[in-house]
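Welcome! Please take a moment with the sequence and the 3D view below, and then let us walk through them together.

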Amino acid sequence: MSGSTVTVAPHGTNRITARAMNRLVSAVAADALGLRPSQVRVDLADAAGRLDLTVRTPIRLLPRDRDETDAPADDTTLDRTERAQHDIRGTVATLTGADIAGVTVRLTGARGRPPKRVD
Amino acid sequence: MTSVTPHIGSDGTDLPAGTPRGTTVINDAVVAKIAGLAVREVTGVHAVGGGAARALGAIREALSSTDHSQGVSVNVTGPLVAVELSIVAEYPLPLQQVADDARTAIIDAIETLVGLEVTEVNVTINDVHLPDETDETDDTGEVPHP
């Protein structure tokens with residue numbers, strides 16, 4: 001299959017198809033950004049034998065004054081995206097064993113969750 | 001294709017001519033089935049087989065005639081076996097580990113139960129199963145949302 005990642009093991013090879021890689025990366029990215037895997041688009045590319053990932057995703061906007069916050073208060077969208085980008089790189093490398101050349105995160109939109117109303 | 005073991009019952013030494021009282025023939029389908037059963041037990045293996053094989057497998061299962069060798073193809077040459085395996089791995093387990101565990105399970109099963117030597121097991125992970133999307137039918141080639 002084209003676009004698959006092949007690793008040589010002692011008694012044979014391990015092949016990860018592009019589809020499997022795609023799904024795994026979208027799941028990792030979704031986890032890192034608090035989205036559903038189906039909201040994330042992934043492009044795989046070859047960078048001189050290494051794997052280059054492009055993740056297209058909307059960002060979930062967090063209310064400035066949320067109480068249940070687990071992130072620092074001055075956490076900008078850019079900070080969160082950068083952190084997610086690092087997480088994606090690390091987790092994908094651990095889970096697939098692939099040699100990752102780079103991870104590009106493209107934010108394609110912003111999703112806000114309207115504040116809950118009490119009435 | 002079948003594999004023939006002429007020296008059954010021998011303890012490594014060549015038997016004098018005329019001594020063997022028959023041959024043991026192990027059909028390839030048996031080897032594939034044993035490998036298929038072994039790989040199902042492995043942690044991190046969600047399903048065995050490619051997309052079409054799994055769809056067909058679901059129908060077979062409904063008719064309670066599960067094909068245990070689904071996703072496994074064996075190539076027996078004399079006492080040597082090469083295996084091609086296709087699996088769906090469970091997220092978020094390390095794929096290389098799942099593939100290596102599947103390979104070990106197959107080698108163990110074939111070498112102990114069948115007694116043939118496994119030269120290689122090529123594992124293809126063709127998909128990853130995400131726990132929270134139970135059976136969402138989404139294709140990779142879909143059009144992005146506007």
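## How to read this report

Helices (H or I, at least four residues) and strands (E, at least two) are DSSP runs, numbered from the N terminus. The expected span of a helix is 1.5 Å times one less than its number of residues. This is a predicted model, in which local features need pLDDT of at least 70 and side-chain atom pairs count only at pLDDT 80 or more, while totals for chains, interfaces and linings use all residues. Residues are numbered from 1 along each chain as its sequence is written, and chains are lettered from A and ligands numbered from 1 in the order in which they are written.

## A helix in chain B

Helix α1 of chain B covers residues 28-40, which makes 13 residues; at 1.5 Å a residue they should span 18 Å, and the end C-alpha atoms are 19 Å apart, which agrees.

Several of its residues are buried (20 or more other C-beta atoms within 10 Å of the residue's own; exposed means 12 or fewer, partly exposed in between, with C-beta atoms placed from the backbone). The buried residues of α1(B) are Val31(B), Ala32(B), Ile34(B), Ala35(B), Gly36(B), Ala38(B) and Val39(B). They pack against β2 (24-27), β3 (45-48), β4, β5 and α3 of chain B, where a contact means that two C-beta atoms, placed from the backbone, lie within 7 Å.

## Chain A at a glance

Chain A has 2 helices and 5 strands, and along the sequence they follow the pattern β-β-α-β-β-α-β. Of its 119 residues, 29% count as buried. Among contacts in chain A with a separation of 6 or more, 58% come from residues 24 or more positions apart.

## Where the chains meet

Strand β2 of chain A (residues 12-16) runs parallel to β6(B), with 3 bridges joining them. Ile16(A) stands opposite Ile125(B) in β6(B).

## The nonpolar core

A nonpolar core is a set of buried Ala, Val, Leu, Ile, Met, Phe, Trp, Tyr and Cys residues joined through C-beta atoms within 7 Å. The largest one has 58 residues, and those touching the most other members are Leu24(A), Ala35(B), Val39(B), Ile87(B), Ala102(B) and Ile106(B). Helix α1 of chain A (residues 18-33) gives the most to this core, with 10 residues.

Leaving aside residues up to four places away in sequence, Leu24(A) touches Val92(A), Leu95(A), Thr96(A), Tyr91(B) and Val128(B).

## Backbone details

Most residues other than glycine have a negative phi, and most peptide bonds are trans. Ala48(A), in the loop between β3 (41-47) and β4 (50-61) of chain A, has a positive phi near 50°. Ala48(A) counts as exposed because it has 6 C-beta neighbours inside 10 Å.

In chain B, Ser64(B) has a positive phi near 45°. Its place is the loop between α2 (51-62) and β4 (72-77) of chain B. A cis peptide bond, with omega about 5°, joins Tyr91(B) and Pro92(B); Pro92(B) lies in the loop between β5 (80-90) and α3 of chain B.

Terms used
Two strands pair if DSSP finds at least two bridges between them.
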